Amino acid sequence: MPGWGADDLTETWPVFMASCNAMRFKPEWKEPCTIAKDIDVKDGAAMRVFFESLFTPYQVINPDGSNEGLITGYYEPLLRGSRTRGGVYQTPLYPVPADLLTIDLGSIYPELKNMRLRGRLVGNKVVPYASRADTEQALAGKEMLWVDDAVEAFFLQVQGSGRVYFADTNETIRVAYADQNGYPYKSIGRYLVDKGEMTTSQASAQGIKEWIKQNPTRQNELFNSNPSVVFFKEEKLADPRIGPKGAQGLPLTAQRSIAVDAQFLPLGAPVFLATTQPNSTQLLQKLVVAQDTGGAIRGAVRADYFWGFGSEAGEQAGRMKQRGQMWLLLPKS
């Protein structure tokens, strides 16, 4: 694994231990997670011996036999909001609608594990839920809160979670991913590329936001090209240093947590990632932990790298569209 010997494993150790606490009841994880408790949290050399002795790295390969894939980035943004509509606060965020049905297809067909169908009940039939273009009308009066920037609200849904600051009460809350409307995520960057509005290299978050500034009358057209809508739940921000929870149910750690496709990689497992820094050839080779999923994260060699909270993290995440390789570390049998 290129760069394995140079990585500071003490940075990943707390993330790995948190996942161990969640996975220690699985037979194959019991021994390594028990041994891990006795390792000094500052002893990187001991951690390296631990992984090399108790784990086997498997390079992740795509179904077509290739060993490279797309590595993107995400972060936790900060928006400005209000609990009531008025003034600049005109863009709603929604909680999970009461009439949203979620059907676990894996409970009926085991071969469809991790697949869910969402919709609503009309009479005795399940029909698709409202798409993005119809959400405002379908959920009028059911808004959770209002924010001052429609563009940032859209990108909040892409990130999956964020923070909202209320100036009137000097309070900051977290809005965490709760569910979505059942439509597959479609990239608005890809939409603009397919329309000939920009090149693939220009389709970063920053590039898309600049395009919207230049084409404000086409903002709704662009947003509605992605029919997927994310619903949120409000959480208290007890400790601003702690990241949002990922799909594993554990807080994400900046630059040591990734989102993966759970159909290919198990949540909670350590993954060695070999890629490059955003929009750069500078190497980024780290042991990370698969702790999250995402609507756009599909495929075997595919990861979303969590950069943390705030504008600087957002700059890095928005530019990150790199090629990379991945190795899954699993306990030796």
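Which residues does Val 60 touch, not counting residues up to four places away in sequence? The views below start there. This is a predicted model, in which local features need pLDDT of at least 70 and side-chain atom pairs count only at pLDDT 80 or more, while totals for chains, interfaces and linings use all residues. Residues are numbered from 1 along each chain as its sequence is written, and side-chain values use heavy atoms, with hydrogens and water left out.

**View 1. Val 60 in the loop between β1 and β2.** Beyond residues up to four places away in sequence, Val 60 touches Asn 67, Leu 265, Ala 300, Val 301, Met 326, Trp 327 and Leu 328; contact means heavy atoms within 4.5 Å. The loop runs between β1 (55-59) and β2 (69-76); helices (H or I, at least four residues) and strands (E, at least two) are DSSP runs, numbered from the N terminus. Val 60 is buried, with a relative accessible area of 8% (buried means under 20% relative accessible area, with a 1.4 Å probe and protein chains only).

**View 2. Met 23 in helix α1.** Here is another buried residue: Met 23 has a relative accessible area of 4%. Met 23 and Gly 268 are 245 residues apart in sequence, yet 7.2 Å apart in space, C-alpha to C-alpha. Setting aside residues up to four places away in sequence, Met 23 touches Trp 29, Gln 248, Leu 267, Gly 268 and Ala 269.

**View 3. The largest nonpolar core, with 45 residues.** Such a core is a set of buried Ala, Val, Leu, Ile, Met, Phe, Trp, Tyr and Cys residues joined through side-chain atoms within 4.5 Å. Trp 13, Phe 16, Phe 50, Phe 51, Ile 258 and Met 326 touch the most other members. Helix α1 (residues 13-23) gives the largest share of this core, 6 residues. Leaving aside neighbours within four places in sequence, Phe 51 is in contact with Trp 4, Leu 9, Trp 13, Phe 16, Pro 270, Leu 287 and Leu 329. A second, separate core has 14 residues, including Phe 154, Ile 188, Met 198 and Trp 211.

**View 4. Helices α5 and α7 packed together.** Helix α5 (residues 150-159) meets helix α7 (residues 205-214) at an angle of about 150 degrees, with their axes 11 Å apart. Axes are lines fitted to C-alpha atoms, for helices over the stretch in contact, and angles run from 0 to 180 degrees between N-to-C directions. The contact is made by Val 151, Glu 152 and Phe 155 of α5 and Ala 205, Ile 208, Lys 209 and Ile 212 of α7.

Conventions
Buried < 20%, exposed > 50% of the residue type's maximum accessible area, 1.4 Å probe, protein only.
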